[in-house]
Amino acid sequence: MKKLGILIVLLLMGTTVVAQYPQGKLVVDHLYAESLENDAGENPTRRVTIYLPPKYEKSTKPYPVIYYLHGFTWSDSLQISWDKFDKILDKAIGMGKIKPAIVVMPNQHTLYRGSFYTNSTLTGNWSDFTAIDLVNYIDNKFRTIPKRESRGIAGHSMGGSGAIKIGMLYPDVFSCVYGISPAVMGMVKGWGPSYPGYKRAQEIETREELISGYKDFDANAAVAIGRAFSPNPKNPPFYADLPYAYENDNLVVNYKTIKKWKENMPLHMAEDYVDNLKKLKALKFDWGKNEEFRYVVQGCEAFSRELEILGINHYAEEYLGKHFDKVWTDDGRALHSVLPFFDAYLEFK
């Protein structure tokens, strides 16, 4: 019996050892960008978290780079402390899901909890920062393979639509794009007059109330999108126009604002960026079958149809999950879909 107990302990120890994967290294850096100078009080010096793969410091070879864009209300630090992205990367590399790569996570959590990865006359040029300033900085500081074929961009929710949009705008910088549950793809039904955030945003008078917790998440998102897509320095307190407003409970449709929002959403941009989309080596996006935010499903389905009409090769996939689950888990999309996608399409030499 004693020998059996020792054997069980040894087996358990062996299992533990097997489950350990070589660890990469996290580097937290800060980057000032002139492109982010603004009149809205946003800090143009941004924190950036960089994942260096195992053995990076002991080797001399260069690596491809994946730029990962976080979601609304999130940040690069939460991507590590909450989602454990670095541990998933360790596991993916250890399991052979992806060959060793550098992963860059910029912090685009703003005063209103999200930049929407957009060039804004109010808040700064976040698209340019991501695709130009950040890429140049990483290529100059780390051992990268500095060519588009070895650069990919991905993101979740706000970051998912941001990755697709930036991929469309900068196909000479990024060759592969993956959007996980992209949230702001087009002016679909879910972003129409029935969206509760528009009316609620008119009732809130301070930023502190708007961004307090998640009670007014919808209003917060609407205002943050407005500050990115349709800023208006003459419209306090949030200095943004929204596509729908209410006067004495009567709906008012702001068609000029709807046009501005469409100009910043991939679904409506696609026709004007066909040539750029065709330059991409691979484009994929997915969404959960039980997605809580129906505009995600509507936007993804509409975008896939538009890409088909335009003759753009892409992957569009529905999976059994919701907006936040089945992404960072052991059976989730990051480990089993996103990272293998980049392993298949990025150039590692």
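The lining of the largest cavity in this predicted model divides into three nonpolar, four polar and two charged residues. The space inside this cavity comes to about 60 Å³.

**Cavities**

- Three cavities of 30 Å³ or more are found when the whole structure is searched.
- The largest cavity is lined by E42, T110, Y112, G114, S115, T123, A224, R227 and A228.

**Largest pocket**

- The largest pocket holds about 440 Å³ of space.
- Its lining consists of 25 residues, of which F72, H156, S157, H323 and F324 are the closest to the pocket centre.
- By class, this lining is made up of 18 nonpolar, six polar and one charged residues.
- Helices α8 (217–229) and α12 (294–310) each contribute at least two residues to the lining of the largest pocket.
- The largest share of that lining comes from α8, which supplies three residues.

**Second largest pocket**

- The volume of the second largest pocket is about 310 Å³.
- Among the 16 residues that line the second largest pocket, A201, Q202, N235, A240 and L242 are the closest to its centre.
- The lining of the second largest pocket comprises eleven nonpolar, three polar and two charged residues.
- At least two lining residues of the second largest pocket come from each of α6 (197–203) and β9 (244–247).

**Aromatic pairs**

- The structure contains 27 aromatic pairs.
- One of them joins Y315 and Y345, whose ring centres are 6.3 Å apart.
- The planes of Y315 and Y345 meet at 45 degrees, so this pair is classed as tilted.
- Y315 belongs to strand β12 (residues 315–319) and Y345 to helix α13 (residues 333–345), so the pair ties together parts that are 30 residues apart in sequence.
- Y315 counts as partly exposed because its relative accessibility is 42%.
- Y345 also counts as partly exposed, at a relative accessibility of 21%.
- In general, a pair of aromatic rings is described by the distance of the centres and the angle of the planes.

**Charges over aromatic rings**

- R113 lies over the face of Y214, at a distance of 5.2 Å from the ring centre.
- K199 is placed over the face of Y246, at 5.5 Å from the ring centre.

**Cysteines**

- The count of disulfides in this model is zero.
- C176 takes part in no disulfide, and the cysteine sulfur nearest to its own, that of C300, is 19 Å away.
- C176 is buried, with a relative accessible area of 0%.
- C300 also counts as buried, because its relative accessibility is 0%.

Key:
Residues are numbered from 1 along each chain as its sequence is written. This is a predicted model: local features need pLDDT of at least 70, side-chain atom pairs count only at pLDDT 80 or more; totals for chains, interfaces and linings use all residues. Side-chain values use heavy atoms; hydrogens and water are left out. A disulfide is a pair of cysteine sulfur atoms within 2.5 Å. Buried means under 20% relative accessible area, exposed over 50%, partly exposed in between (1.4 Å probe, protein chains only). On a 1 Å grid over the protein atoms alone, a cavity is a set of points where a 1.4 Å probe fits but cannot get out, and a pocket is an open set with protein on both sides within 12 Å along at least five of seven lines; lining residues have an atom within 4 Å of a point. Grid points are joined across faces, edges and corners, and a volume is the space filled by probe spheres set on the points. Ala, Val, Leu, Ile, Met, Phe, Trp, Tyr, Cys and Pro count as nonpolar, Asp, Glu, Lys and Arg as charged, and the others, Gly among them, as polar. Rings of Phe, Tyr and Trp (its six-membered ring) pair if their centres lie within 6.5 Å; planes under 30 degrees apart count as stacked, over 60 as edge-to-face and the rest as tilted. Helices (H or I, at least four residues) and strands (E, at least two) are DSSP runs, numbered from the N terminus. A charge sits over a ring if NZ of Lys or CZ of Arg is within 6 Å of the ring centre and within 35 degrees of the ring normal.
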